[in-house]
Every structure is written in structure tokens, then in C-alpha cells.
Amino acid sequence: MAAITSHQRATPPGRRVKALIDELWRDKAGFAGILMIAALILMASAAPLIAPYSPTTQDLRMRLAPPVWEPNGSWKHLLGTDHLGRDVLSRVIHGSRVSLTVGVAVVLLAGTFGVMLGLIAGYRGGRIDSFIMRWIDTQVAFPGLLIALIILAVIGPSMLTVILVLSLNGWMVYGRLTRGAVLSVRQTAYVEAAEMVGCSAARVVFRHILPNLTSPLLTLAILEFARIVLAEAALSFLGMGIQPPATSWGLDVATGKNYMFRAWWLVTFPGIAISFTVLAINLVASWMRLISDPQEREKQFARQMRALRKKRASHALQETPSS
Amino acid sequence: MGRYFLKRLLQGVAVILGVTVLVFVVTRLVGDPVKVMLPLEATAEQRAAFEKQLGLDRPIWIQFADFADGLSRFEFGDSLWQRRPAMEIVFEKLPLTLGLAFMGIGLAFFLAIPLGIIAALRPGGASDRSTVFLSLIGLSVPQFWLGLLLIVVFAVQLGWLPTSGVDTPAHYIMPTITMALPALARLVMIVRSSMIDELNQQYVKTCFAKGLSFYRVVGVHALRNASLPVVTLCGWELIRAVAGYSVVVETVFAWPGLGLTAIQAIEREDLILLQAIVFTVAILVVLINILMDMVYKAIDPRLKIA
């Protein structure tokens with residue numbers, strides 16, 4: 001028997017990509033979210049090229065300059081400057097790097113750990129399973145932010161410690177989701193068949209079980225990414241996250257807070273940057289959830305059919321009198 | 001049912017034990033409390049005296065036994081910053097934090113129910129789409145930033161409301177709104193989706209068919225069944241508010257509760273006060289969890305038999 005090649009699959013990969021793009025285009029909000037994220041990634045990776053100034057260059061003669069459209073604004077600093085004369089636009093552009101780095105690192109770290117423990121718990125079962133689940137139940141009930149603050153206070157805040165602390169607090173959701181999904185897939189015929197023909201445990205888990213978890217895990221990872229961006233901003237705002245002279249949106253809001261009464265632009269623009277980033281991720285996540293949930297797909301299909309029937313019926317009505 | 005609660009209680013004890021061990025390990029083993037709490041220019045004699053004062057010169061297991069013994073009697077020692085028992089400060093600040101959390105989540109709950117129902121009546125309609133979009137925005141705006149924007153607009157520009165403090169009822173308005181927003185966004189979504197599910201059930205058709213009024217069917221029959229996930233989520237939101245949001249909201253509005261005190265304790269390197277706060281909040285989280293279980297059982301008659 002010849003091996004099944006990719007040509008013999010029901011849908012060739014090229015058409016699958018096109019179908020995905022079509023589907024994305026149908027959900028305009030999700031499409032906008034993808035565009036925003038793409039723009040953000042571009043902005044973060046090319047920050048030194050796009051930003052008009054370095055985020056740390058001080059211009060002490062131009063302190064607290066307002067944005068360009070305000071009475072005293074100048075074209076030199078489009079979004080104004082802060083209390084040290086640093087360009088707000090450049091700082092916002094560079095701040096995207098921190099948010100994205102922390103977000104990606106935490107999702108990868110917490111996701112890997114959580115998925116691993118979830119796979120072990122679900123596949124092994126028995127005592128290991130109940131131990132891991134107790135551990136998760138216990139840690140979920142910890143006051144996460146306060147534990148994070150106490151750890152950061154003792155070992156000192158930095159980008160690395162923020163990543164570690166947020167991963168420590170966030171792996172449990174992946175573990176729970178993975179374990180549940182493994183339990184439901186374990187009993188299926190193809191997994192039992194794979195075990196029967198003598199596949200190693202690792203092969204069964206990674207080759208036959210894990211691919212089933214891709215879409216729920218991806219949706220969860222995107223949602224977690226949004227949560228992490230907000231958490232990093234909050235920690236930096238509280239002074240326990242990214243430390244100066246590094247740049248972070250949350251940190252900039254915190255410094256802007258002291259000048260809130262004279263310079264509204266200092267708190268406003270980094271805040272807008274955080275909101276837009278998180279909104280874009282949330283839009284993509286809700287689109288992902290719609291297309292990866294079979295029930296939702298069914299509903300959507302039913303809606304389309306109903307709309308089609310309506311259209312046909314109205315066409316028929318229009319055509320009857322003329323004929 | 002008794003066995004179930006015993007299990008939950010044991011789980012609660014495990015949580016508190018876990019937090020205790022974690023806090024102990026972090027403060028005593030990972031970090032050096034003497035280095036954190038004393039200024040850099042302290043002499044070796046001062047360090048040794050301080051170590052002796054805190055009992056840090058003893059073996060680690062004796063330190064832990066002492067630590068756990070203190071916890072069981074709610075004693076953490078004196079706050080290094082205020083020079084009085086840490087728990088005294090905690091009990092002083094606790095009502096303000098709990099008050100703000102309950103008001104914020106209460107506001108979110110009472111707004112989320114009507115908004116979610118209106119959205120669920122016509123899924124995909126204009127009111128539904130705008131509700132979903134607005135709650136997505138509500139989920140995306142950082143809480144601390146929302147608070148600062150409220151201050152800029154209503155306190156600085158318009159001058160209607162005070163910026164910070166707790167003296168009059170007007171001081172409660174902006175912190176409560178800020179506290180409520182993320183919870184409101186999540187609650188609206190869950191009310192909406194569980195109401196949509198319930199309204200598609202057969203019993204709703206039966207109710208309409210036997211001639212019950214629209215308000216009775218939606219507001220009593222469907223809402224009661226849809227309220228179970230909402231109550232669960234409300235409990236989680238309350239926990240989030242006490243254990244997380246309070247730190248942020250209290251910092252923004254200088255609200256003198258536990259959250260702001262935690263930040264001040266960090267700034268003044270007062271690990272003893274910080275430990276007392278973390279421990280108290282962990283107990284609160286466990287208590288709210290058990291309370292929510294009881295509420296859940298009270299409103300779902302199916303669980304009484306089990």
C-alpha cells in the first residue's frame with residue numbers, strides 16, 4: 001500500500017490557506033485584529049528605524065512639549081515630550097517591544113510547562129493525575145498578583161523576573177485544558193489502535209493526541225497573551241515590572257501620572273497603545289474561537305443557509321409577477 | 001454534602017499552607033531579608049543584631065516552625081515601617097478593601113444582567129453586536145489607565161469629583177467604576193451566552209405556548225437557569241477584585257486599603273507587613289470560594305440531592 005502523500009489529501013494546503021483567508025475576510029473585526037497585530041509586530045521589529053528619536057534621548061529645553069495639534073506643539077515631537085524632553089512617539093514605538101517580548105516569552109514558557117503537566121496527568125492518570133490536579137487546584141487559589149509582588153520585591157524587578165513570575169502564575173489554565181482534552185481523546189479508536197500496534201507512549205502522546213489540542217490551545221494562548229500584556233503593564237505601572245531606563249507602556253503611564261494635571265498626553269498615548277494591542281489580540285481570539293468551535297460553525301452555517309433561502313425566496317417572489 | 005464541604009475545607013487549608021511555604025521560601029531562602037530590609041551602609045554588628053531580632057540566626061526549620069506558629073495565632077511581628085503589630089494594620093485597612101471590592105463587583109453584577117439579557121434577546125442584532133464590541137473594549141482597556149482617564153476628565157477638567165481619598169460618598173464613585181469595568185465586561189459576555197442557550201431550550205417555548213408573559217418567561221424562568229454560570233463567575237470576579245484589582249485601583253486613587261498598603265510596604269521594604277497582607281488575602285480567597293460554593297448550592301436544587 002502506497003503511503004498517502006499530501007496530494008491525495010481531501011483539500012490541498014494551498015486551498016486550505018485560501019479558505020482560511022476567505023473566512024477571515026468574512027469576519028471584519030477579526031481581519032482588523034490580524035492587521036493591527038501585523039502592524040504591531042512590524043513596529044516592534046523595526047522600532048529603531050521607524051522611531052524619530054531614541055527612546056532615551058533627552059532634550060531638556062523641550063520638556064513637556066504638547067502634541068503637534070496643541071497650541072504650543074511642534075512638528076519635531078508629534079505626540080509631545082515627557083518631563084525629561086524624551087519623545088513620546090518614540091517611546092510608544094519602542095514600548096511595543098517589551099510588551100510583545102514578555103507576552104511571547106510567558107505564553108511559551110507557561111504554555112510548555114502547563115501542556116506537559118496536562119499531558120502527563122491525562123495520559124498517565126491515577127496518582128500522578130490526582131497529584132497534578134491537586135497542585136493546580138491549590139495554585140489557582142493563590143492570590144497571584146500579591147505573590148508576584150512579594151517575589152519581585154525580594155529578587156528585584158527586571159524583564160526576566162517579570163517573565164518568570166508571570167509564567168509561574170499562569171501555567172495552570174493550560175494544564176487543565178490539556179488534561180481534559182487528553183481524557184476525551186484517550187478512549188477514541190485511533191489512539192487505542194496506535195497503542196495496540198505498539199507505539200511508544202511518547203509517540204502516542206505527541207503524534208496522536210497532541211494534534212487534537214492544537215486549536216483550543218491556540219485560542220487559549222492568544223487569550224493568555226492578551227492577559228499577559230495587561231499584567232506586564234500593570235506590574236510596570238506599580239513600579240515592580242520593567243525598570244527605567246528601559247521603556248514600557250505601563251512604566252510610561254506611571255511616570256506620566258505625576259504630570260497628569262499639566263501634561264495629559266503622557267498618560268494618554270501609552271495607554272491607547274496598550275488598549276489597541278489588547279483589543280487586537282482579543283478580536284483575533286474571538287474570531288479563532290468562532291471558527292474552531294464546531295457548534296459555532298454549525299450555527300454559522302445554519303445562518304448562511306437561512307440567508308440564502310431568504311434570498312432565493314425573494315428572488316422567486318420578484319420573478320413571479322413578470323413571468 | 002458534609003463530605004463535600006470537608007473536602008473543600010481541606011483544599012482551603014492546602015491553599016493557605018501552600019502560600020505560607022511559598023512566602024517563607026521566597027523571603028528566607030531565595031532572598032536575604034536582612035539585605036532587603038536594612039540600608040546598604042549598615043555595619044556588620046547592626047546586621048547581626050537585626051538577624052538576632054528577627055531570629056534569622058537560628059536553623060531554618062526552627063525558623064519555619066516559629067513562622068508557622070506565629071501564623072496560626074495571626075501574629076507576624078511588628079511592622080518595620082510603622083513599628084506596631086502588622087495584623088493591627090491589616091485589620092484597620094481590610095474593611096476599605098472589602099467595601100470597594102463588593103461595591104465594584106456588585107455594580108458590575110447589577111449592570112451585567114440587564115445588558116446581557118438585552119443582547120441575548122436578538123443574537124446578531126444591533127444591540128447584541130454593540131454590547132459584544134463594547135465589552136471587548138472594556139476587556140482591553142488597562143484598569144489603571146481607565147482610572148487615570150476618569151481622574152483627568154472628571155476631577156481635573158470638570159472638577160466634579162475628588163481625585164483621591166475616602167472622606168465622602170463622592171470619593172467612592174470613580175474607584176467603584178474602575179473596579180467594576182473588567183468584571184462587567186466579562187459578566188455581560190457570560191450572561192449573554194448563557195441566556196442565548198436558555199432561550200433556545202424547549203421549556204421556553206412551552207412557557208410561551210401556555211401564555212406566560214414575556215417578562216415572566218425571560219426574567220424568571222430563563223434567567224434562573226442562566227444564573228448558575230453567572231454566580232460562579234461573580235465569585236471569581238470577587239476573588240480577582242480582592243486579590244488583584246485592589247492593588248491597582250487603590251494605587252491609582254490613593255485608596256488606603258490593603259492593596260495600597262502592600263505597595264507601600266514594598267517601597268519601605270517592610271517584608272513583615274507584606275507577609276501579613278499576603279496571608280490575610282489568601283485566607284479571604286479561600287473563604288470567598290467556600291461562600292460561593294454555598295450560594296451555588298442554594299440556587300441549584302439539583303445539587304442538594306448529591
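User: In this predicted model, in what order do the elements of chain B run from the N terminus on?

Analyst: The model is predicted, and its chain B has 13 helices and zero strands. With zero strands in chain B, the order from the N terminus on is α-α-α-α-α-α-α-α-α-α-α-α-α.

User: What do the elements of chain A look like from the N terminus on?

Analyst: Chain A has 14 helices and zero strands. Read from the N terminus on, the elements of chain A are α-α-α-α-α-α-α-α-α-α-α-α-α-α.

User: Which domains does the assignment give for chain A, and how far apart do their C-alpha centres lie?

Analyst: The domain assignment divides chain A into domain 1 (23-289) and domain 2 (293-323). Between the C-alpha centres of domain 1 and domain 2 of chain A, the separation is 41 Å.

User: What radius of gyration does chain A have, against that of a compact globule of 323 residues?

Analyst: The C-alpha atoms of chain A occupy a box of roughly 75 × 75 × 40 Å along the principal axes. A compact globule of 323 residues would come out near 20 Å, whereas the radius of gyration of chain A is 25 Å.

User: What share of the 306 residues of chain B counts as buried?

Analyst: Along its principal axes, the C-alpha trace of chain B spans about 85 × 60 × 30 Å. A residue is buried if 20 or more other C-beta atoms lie within 10 Å of its own. Of the 306 residues of chain B, the buried share is 35%.

User: Of the contacts in chain B with a separation of 6 or more, what percentage do residues 24 or more positions apart account for?

Analyst: In chain A, 68% of the contacts between residues at least 6 apart in sequence join residues at least 24 apart. For chain B, with contacts at a separation of 6 or more, residues 24 or more positions apart account for 72%.

User: Which element gives the largest share of the side of chain A that touches chain B?

Analyst: The contact takes 35 residues from chain A and 40 residues from chain B. Elements giving two or more residues to the chain A side are α5 (126-140), α6 (144-155), α11 (214-237), α12 (249-257) and α13 (264-292) of chain A. The largest share, 10 residues, comes from α6(A).

User: How many nonpolar, polar and charged residues are on the side of chain A that touches chain B?

Analyst: Chain A contributes 35 residues to the contact. By class, this side of chain A has 27 nonpolar, six polar and two charged residues.

User: Which residue of chain A does Ile277(B) touch, not counting residues up to four places away in sequence?

Analyst: In the largest nonpolar core, of 151 residues, Ile150(A), Ile277(B) and Val278(B) touch the most other members. The chain B residues that Ile277(B) touches beyond four places in sequence include Val90(B), Leu258(B), Thr261(B), Ala262(B) and Ala265(B). From chain A, Ile277(B) touches Leu146(A).

User: Is Ser227(B) buried, partly exposed or exposed?

Analyst: Ser227(B) is in helix α10 (residues 214-253) of chain B. Its C-alpha is 9.5 Å from that of Asp300(B), a residue 73 places apart from Ser227(B) in sequence. Because Ser227(B) has 18 C-beta neighbours inside 10 Å, Ser227(B) counts as partly exposed.

User: Which residues does the cis peptide bond join?

Analyst: Most peptide bonds are trans. The cis bond here has an omega of about 10°, and Pro245(A) lies in the loop between α11 and α12 of chain A. The residues joined are Pro244(A) and Pro245(A).

User: Is Ala254(B) buried or exposed?

Analyst: Ala254(B) lies in the loop between α10 and α11 (258-267) of chain B. Phi of Ala254(B) is positive, near 50°. Because Ala254(B) has 12 other C-beta atoms within 10 Å, Ala254(B) is exposed.

User: In which helix of chain A is confidence lowest?

Analyst: Chain A averages a pLDDT of 82, and 92% of its residues score at least 70. Confidence in chain A is highest in helix α7 (residues 159-170), at 91. It is lowest, at a mean of 72, in helix α14 (residues 294-322) of chain A.

Conventions:
Residues are numbered from 1 along each chain as its sequence is written. Chains are lettered from A and ligands numbered from 1 in the order in which they are written. This is a predicted model: local features need pLDDT of at least 70, side-chain atom pairs count only at pLDDT 80 or more; totals for chains, interfaces and linings use all residues. Domain bounds come from an automatic or database domain assignment. Helices (H or I, at least four residues) and strands (E, at least two) are DSSP runs, numbered from the N terminus. The radius of gyration is taken over C-alpha atoms; the globule rule is 2.2 Å times the number of residues to the power 0.38. Two residues are in contact if their C-beta atoms, placed from the backbone, lie within 7 Å. Ala, Val, Leu, Ile, Met, Phe, Trp, Tyr, Cys and Pro count as nonpolar, Asp, Glu, Lys and Arg as charged, and the others, Gly among them, as polar. A nonpolar core is a set of buried Ala, Val, Leu, Ile, Met, Phe, Trp, Tyr and Cys residues joined through C-beta atoms within 7 Å. pLDDT is the predictor's confidence in each residue, from 0 to 100.
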